[in-house]
Amino acid sequence: MCSLTEPAIRTAGLAKRFGGFDALHPLDLEVGREEVVGYLGPNGAGKTVTVRLLLGLLRPTAGRAEIFGIDAHRNTVEAHRRLAYVPGEASLWPSLTGAETLHLLGRVQGQVDEAYQRELVERFALDPSKKVRAYSKGNRQKLCLIAALSSRADLLLLDEPTSGLDPLMEQEFRRAIVEAKDAGQSVFLSSHILSEVEALCDRVAILRAGRLVEVGTLAELRHLSALTVQATLRDPPPDVTGMAGVTDVEVDGRRLRCHITGPVGPLLDALAPAGVLQLTSREPSLEELFLAHYGGGE
Amino acid sequence: MTGRVVAGLAARRAIRGGAAWGAVFALVVASTAVGFESAYGTVEARQQLVRTLGGNAGIQALFGVTRDISTVKGFTAWRCLGVLPLVGAIWALLHATRTLQGEEDSGRLELLLAGPTTRAGAGVAAMAGMAAGLVAMFAVTAAGVLAVTGTGGFGVTAGLYFAVALVAAPAMFLAVGSLTSQLATTRRQAAAMAGGVFGVAYAIRLVADSGSGLRWLRWASPLGWVESLRPLTGSRPLALVPIAGLTLGLSAAAIVVNGARDYGTGALPASDTGPLRAGLLESAWRFSARLTRPRAVGWAAAIGLMAAVVGLVAKSVGEAATESEGFAEIIQRLGGRSGGAEAYLGLSFTIVAALLAFQAAGHVAATREEEADGQLDNLLVRPLSRSRWLLGRVATAFAALAAVSVLAGLASWVTAASQDTGVGLGRLLSAGMNVLPPAVLVLALGTLAHAVAPRRAVALTYGLVAWSFLVELVGSLVNASHWLLDLSLFHHIAPVPAVDPRWDTAALYVVLAAAAGAISLVAFNRRDLVGA
């Protein structure tokens, strides 16, 4: 039923409407095998709705979702054999201990790498004899992460998985994701933490108000965006406003700062006569890309 | 400031619940008073009523001793005081534990405690809010009572005293729930402890009123104090002293213990660690059993205890009752054929039927809560189908109900046999099994509500049981129209062992339940999972 070339995730026109509110407009998205894709968007953009649709916990209003070519809604159980999921807010049974929770989730999952699980418990510094009731939010989060990672499932669906983790554990999480990728697993990482996405993801999809506004590799996204150029000149800077691709020009004495999209040559030609003492140019960070998409409001 | 917010939140919820139950109380009081006039209009009818009920120790054990029941006010006081305090007490203990321990359990209280208040202050404020709910309950009840002073033939002062008597048990059990909330670590534990207190109080009252010369025992039970108030029939306000003493004493104790413990922990020791008990974690179905077990054990204890007490007193009650003239009539009306003990057991098992139906509603609520709290997500994102999960939960609940129903028959037989009551094991087991079908139907209809309207399922399910219980209660005394009675789940159940079980009705219940269950499985598969 699922050939070896089917992507880990494929959605076609996947949409969800609650009452009169479009939580997700028709979404077409693919996550390839062995690929790590970051899913970005502000609060309420529809990230969690997307993940819950992929899991079959919500029924789509239109369209379909496939996990390795298996329909996520008609054949949910089969689809779930191939994936593991970590929620952003871990809601577990308070009377179970950590070890009991891992045991239960492992049995229901049907596949566990026990050795790897023990290693992860060690690495995430979790005391599994404690009851879930007594765990902090971060520790409950670790429990869900360990359960999902130790399943070694082909696809990891992670919905803001590091909320509540301290920086050391965040590092440990990143290492585990790199291991997963090296082992050939696919990862779909919905996140707010841009540095995390930047460090881990091959591709990024950006969602706003239930619509996909951008998909691509970080390099592609950067290419579409402006470079920041900053120059210190010997003479007063020439007027570059109005040049093709140049925006946001700021002049401060002998210093000039601007954004440019497209070829940089004409700008350099214009600056050269004023005597360039120092020149820096920088690609935008993911944070700047993100803010460029959302900062302007609608 | 924050204290006022806490008090306001608690008050809003308590007033809503208190006023709603007050309205039920008012309705029952008014309909009883009005219904009495039409049902027992003639002198002969009233004399017959005194003969039947006055001599029926079984009914007296369950609902309290009759007094002046040939008058409107005497009958109304007996009938209402026999049932409403029990309903009110159960509401009160659940409400108190939910308000105090439930908010803490869920972490919501933490948000408020971060404001300018202390934990002790917030505790006092929440209890003040509950007191407001009690006042609302009293006000609405009193309005209902005062509306029928003319029909009832009593004055305003007597009416107000009656309303006080009706809310006395809720007041005491709000205090009981407040204290157990401080002792236990979780809401469920707190509710179970308070429920245990209620069960013991009711059992003592039941023994005291069973006509076995243990009448003094009534003073050992808070519910006995309520009965001793004797509203409308020669008031004895002295009984208000222990009632007020218990309410204020337990409330004060709750405040003191609350101030002395840490947030998020009970005053009683509870362990935060535990060994790996994997036996019931091997599959989703076994895990259902683990989640269902505490609730099932609690109900088994409560219903088993009640059945044991009923069995213990059946013989003496039956003997006392057979001597009365009217008793034969009752048995005949029930279609019965044998002695007093069996008739008494038959009536008692209709109460077991109601309790078992409440247990069924509790299982439905627990299943829904697992979804609402998001715990279910952890299972359904793994290779486990929704139908399989739901079937597991329903099957476990069914097994629990069946076990408790058999236990009820068994427990009553053990104690009845110890007194040489002469009712066989087979008849008492079938009495136990006989109350299973309505509970199973509640389970199935509740599951259907869960599958179709998840956010309303809990209210609908408890509403169905409460409705059936009230219809049975009101309908049995005001010659209610048949279609109204037909809408009660308990009306079609024969009072076994006084008469033979109606297997056709039982079969119909089971078929309906199976149909509702099948539809639930399909419907649950087709909807979104929804949180609280």
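The centres of domain 1 and domain 2 of chain A, taken over C-alpha atoms, are separated by 44 Å, and the domain bounds come from an automatic or database domain assignment. This is a predicted model, in which local features need pLDDT of at least 70 and side-chain atom pairs count only at pLDDT 80 or more, while totals for chains, interfaces and linings use all residues. Residues are numbered from 1 along each chain as its sequence is written, and chains are lettered from A and ligands numbered from 1 in the order in which they are written.

**Chain A**

- Domain 1 of chain A spans 9-218 and domain 2 spans 226-282.
- An open sheet of 4 strands in chain A has the order β2-β1-β4-β5 with antiparallel pairing, where strands are DSSP runs of E with at least two residues, numbered from the N terminus, and two strands pair if DSSP finds at least two bridges between them.
- The edge strands, each pairing on one side only, are β2 (21-31) and β5 (70-71) of chain A.
- Strand β1 (residues 9-18) of chain A runs antiparallel to β2(A) and is joined to it by 7 bridges, and A:R10 stands opposite A:E30 in β2(A).

**Helix packing in chain B**

- Helix α6 (residues 119-147) of chain B packs against helix α8 (residues 156-183) of chain B at an angle of about 150°, with the axes 9 Å apart; axes are lines fitted to C-alpha atoms over the stretch in contact, and angles run from 0 to 180 degrees between N-to-C directions.
- α6(B) and α8(B) are therefore roughly antiparallel to each other, a term for angles over 145 degrees.

Terms used: Angles under 35 degrees count as roughly parallel, over 145 as roughly antiparallel, 65 to 115 as roughly perpendicular and the rest as oblique.
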